[in-house]
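My comments are set out below as numbered points.

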Amino acid sequence: MTAPTRWGILATGKIAHTFARDLALVPDAELVAVGSRRGEAAEAFAAEHGGRPHASYEALVADPDVEVVYVASPHALHLEHARLAFEAGKHVLCEKPLTLTTADAEEMVRLAAEHDRFLMEAMWTACHPLVRAIVDQVRAGRFGTPRHLHAELGFRVDAGPDDRMLDPALGASALLDMGIYPLTFAHLVLGEAEQLAATAALSDRGIDLDVAVSGRYPGGALATMTASMTSWSSRAAAIATDLGRIDVADFHHPTHATFTPYADGSTNDADERAVPVEIVADDPVVGRGYGNEVAEVGRCLRAGLRESPWVPHDQTLTLMRQMDAIREQVGVAFG
């Protein structure tokens, strides 16, 4: 038996609570500490989820029992807080997006290498067993050649102007909060985008509230992707191939996916479809899926890795460059 991976959580917002609930479901992971800028917030979090409360981030990363820090602070603070953790000798799982810009993301990757520490973006979609099954089977050619992908994620954000979801100083952006998921799904399924074009609706403070992206991918495959902070999308994804169609009812938190084969000779007016085939994951989903990324971090640490093959640094940086380019196209800048 191996000792459990010892986790510290930096910041106590909504995502930190969700993460902690899933972490508790992973047998070889243990929450040992939590840190907040407010002592009472750390104490309340620890009372609910366990671990030792710390009244500062500095105290959290200095805790000798903490092996890996989950950075759950707002996007704009990720680099600062990851730096704290690395300098204290801790490994880091950093909430997505890794940073606001590619330059900052590259600096975080550099810091990880300088301190010889593990770093992974918390893109749990790439660790989700059903998403991995879809990606693996598409790449193996089981469903034919993918020609078009569509994915959308949107929900209405009702919050005050100082909330991190709407405050430009904290990296508010439909692209960074929601759009990163369709972009990642397309990247996993189709490969690295060759061209992306975007349009967006901006708030009076200059953040993107709604964004639509079209892309061309290797082999001529196309993708359309949308993200919204003003409306409720289906959260669905679909992949059209030359043999049929893959449907994922909720690709953000998928519970099932199907492939519907179309018979040869089918036309727009008369198509013959076979019974949909369920796509089955090899492993169970742990909690809402965050538990699977917790398990992946533990697996990598036990293997002595400094990055995950499921969420490699190159993939994270590629998607950061895509989002930088999209923000430039739609006229959104930070700082």
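This is a predicted model: local features need pLDDT of at least 70, side-chain atom pairs count only at pLDDT 80 or more; totals for chains, interfaces and linings use all residues.

1. The rings of Phe19 and Tyr70 have centres 3.8 Å apart and planes at 15°, and because planes under 30 degrees apart count as stacked, the pair is classed as stacked. Phe19 belongs to helix H1 (residues 14-23) while Tyr70 belongs to strand E4 (residues 68-71), so that the pair ties together parts lying 51 residues apart in sequence.

2. Phe19 is buried, with a relative accessible area of 0%, and Tyr70 is likewise buried, its relative accessible area being 0%. Together with Trp7, Phe19 and Tyr70 form one aromatic cluster.

3. For Trp124 and Tyr290, the ring centres are 4.8 Å apart and the planes stand at 55°, so this pair is tilted. Trp124 is found in the loop between strand E6 (119-122) and helix H6 (129-139), whereas Tyr290 is in helix H8 (residues 290-302), and the pair therefore ties together parts that are 166 residues apart in sequence.

4. Burial also applies to this second pair: Trp124 has a relative accessible area of 0% and is buried, and Tyr290 is buried with a value of 6%.

5. Finally, a contact of another kind deserves a mention, in which the charged end of Arg299 sits over the ring of Trp310, at 6.0 Å from the ring centre.

Notes. Residues are numbered from 1 along each chain as its sequence is written. Side-chain values use heavy atoms; hydrogens and water are left out. Rings of Phe, Tyr and Trp (its six-membered ring) pair if their centres lie within 6.5 Å; planes under 30 degrees apart count as stacked, over 60 as edge-to-face and the rest as tilted. Helices (H or I, at least four residues) and strands (E, at least two) are DSSP runs, numbered from the N terminus. Buried means under 20% relative accessible area, exposed over 50%, partly exposed in between (1.4 Å probe, protein chains only). A charge sits over a ring if NZ of Lys or CZ of Arg is within 6 Å of the ring centre and within 35 degrees of the ring normal.
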